[in-house]
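Here is a short report on one structure. Keep the sequence at hand as you read.

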Amino acid sequence: MTAQIRVENVSKIFGPKPKSVIPMIKEGMSKEGILNKTNHTVGVYNASFEVEKGEVFVIMGLSGSGKSTLIRCFNLLNKPTDGSIYLDGEDIVAFNKNELKKIRQEKIAMVFQHFGLFSHRTILANVEYGLEIRNVSKEERREIAMNNIETVGLKGYEDKYPDELSGGMQQRVGLARALANDPDILLMDEPFSALDPLIRREMQLELLDIQERLQKTIIFITHDVNEAFKLGDRVAVMKNGQVEQVGTPEEIITSPANHYISDFIKDIDRSKVFQAEHIMTRPNALVSLKDGLNVAVKEMKENGISSVFVVNRSRQVEGIVTIDDAIQGIKEKQRLSDVLRHDITVVNQEEYINDLIPKALESQFPLAVVNGENKLIGFILRVHVLSGLVSEEINKSEAYYV
Amino acid sequence: MGNFPDIRTQIGDYVDQFVSFLDTSLEGFFDFIFFISSRTINGIADFLMWMPWWLFIILIVLMGWYFKSVVSGVLYGLFIFLIGTFGLWEDMMTTISIIITAVIICLIIGIPLGVWMAFSKGFSTVMRPLLDAMQTMPSFVYLIPAIFFFGLGNVSAIFATLIYALPPVIRLTELAIRGVDKEVIESAQSFGSSNWQMLKKVQLPQALPTIMAGVNQTTMMALAMVVIASMVGASGLGEQVLVAINRIDIALGFEAGISIVFLAIIIDRITNGVAGKFQKHGGATE
């Protein structure tokens, strides 16, 4: 992955003489200090970060934290007072009118909180708008628009007007309209905040679906921590116009940069953020099918555990053997494969704790965690599932008890 | 008792001189306007008179039906028929053509001015008091320069009507353009619209319902000027009212007066209906 957008020391000041405030920011004067002294409001204060190609980058913060101001800097609906934003290596802040028009038409599209639809146009004409602006021929833009209307699941509604659609459907139109331009970057300013919770969840999943297919770079604004962590590959937390921390959801939860952030994420539903790989334990002992029962017993004794996973040559799980079964088997001169138990539960490393809970409850053995190639990479005990849900540091060196 | 000191400013004289100056230096311009306006009025009037009376009534009924309801349509047709029975058919046609001409000119001047005001704060600040003055200055006062420029007749009437009826469409156009939802503007911007594309494809269509409300008001105010305009020689229903006043002819006064009322009702309902049709999906205001 490469950085597609690089934000360098971007500040946005509102007031009669914004430029005059920049030196104070460089000196490190606080936002309140600037407001008191010069009567200028600092929207964004010295923000720097990178957004990688194809990732969902979420900017999270409470209202007034400057997140909406910041996202409008990416397509220069707000021109930063200071700093640079490099898009594919070019500083868009320095762009002239025509260059700006070009990137807005071709590279960046935006979805708005209250949809920003054109109420005098049909759904089709709304979705066609961006193409119309670029003088795409009538037949071509109709075709592209229809495809995108279908992508967001609104086929059959193209001749309706926005006011005839529900909120969720209207936002689908907003999304289709943005996608119709086939932009590299999608800016989404609290797109689901105006929707009710059920529709919101549905839209979130659908966005992830669409993203999986299209692999756009998405900058997504939200005030909802759960939404941020659910959608974001990486998340930036903003407070008072400043970017406080940038990291993956797991990084932010496990090591919040400051008190504000740990407060902010207190209510987060950890079971929907942490995945199997975050709470699993890497196995100290593994037994291969060809090893035999004696090796299994020895491994268990050495590691002080009561069962051990058995894998084949390509490290795929074959089953589990318990200490009791193994000793019994040795007495009865059985082979490892005879006492092997297959009723284990295998989970993917990317499954969320939320989905692991019932599996952990039903299974009498530890859960086997596999990666994309089906290789065993770890195991999860019930106690891991529980400890994954509390905010204290997860103890990775948990002993292997069943 | 304190008497006001003996100070006399000559502002009226200056205005007088200014008007004379305009009249002499811009004679060609005023002749041009005169030519255009009188041709338009006569053209519309000729067309309306050429039309068989029953066809005109049917058209009114159909318009009433389309924009309001069947009952309204029939009622409007009946109103028009009644005006005909008063013997005022030709006067009505003249009045209608004066109003239509005045409204067309109002829109041609008013909408661009309103748009300009919406975009330029400075221009808006200058225009506001001017618009206030246009609406509050007693109409008789600008009848005088009107005669100066265009002589007695329908064109002067149009000029006087313009001054009175122009402000609403300018004001409401400005209000409408300014009132377009901020996110809608932002979304149009975010697609890289040029200013012209923005105005044509987003701002004007979004503003149209409110602009249409302005058109309705302008039309009504043009109608309100009919009697006053007849003082500078406009023919039509207003002239009949004036004649009735001079002769103290109650019968004629009532007939001409009620004819104007009928026209007002019909024009108001129909322009309102037009605005309503635009309202259906357009406009950010719900």
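## Domains

Chain A is divided into domain 1 (3-107 + 183-268) and domain 2 (276-389). These bounds come from an automatic or database domain assignment. The centres of the two domains of chain A, taken over C-alpha atoms, are 44 Å apart.

This is a predicted model: local features need pLDDT of at least 70, side-chain atom pairs count only at pLDDT 80 or more, and totals for chains, interfaces and linings use all residues. Residues are numbered from 1 along each chain as its sequence is written, while chains are lettered from A and ligands numbered from 1 in the order in which they are written.

## A sheet and its helix

Chain A has an open sheet of 3 strands, in the order β11-β12-β13, with mixed pairing. Helices (H or I, at least four residues) and strands (E, at least two) are DSSP runs, numbered from the N terminus. Two strands pair if DSSP finds at least two bridges between them.

Which strands are at the edges? They are β11 (287-288) and β13 (317-322) of chain A, and each pairs on one side only. Strands β11(A) and β12(A) (residues 307-311) run parallel, joined by 2 bridges. S288(A) stands opposite V311(A) in β12(A).

Helix α14 (residues 323-331) of chain A packs on this sheet, touching β12 and β13 of chain A. Its direction makes about 80° with that of β13(A). Here axes are lines fitted to C-alpha atoms, for helices over the stretch in contact, and angles run from 0 to 180 degrees between N-to-C directions.

## Where chain A meets chain B

In chain A, 19 residues are in contact with 18 residues of chain B. Contact means that the C-beta atoms, placed from the backbone, lie within 7 Å. The elements of chain A that give two or more residues to this side are α4 (97-106), β6 (108-111) and α5 (123-133).

Terms used. Two residues are in contact if their C-beta atoms, placed from the backbone, lie within 7 Å.
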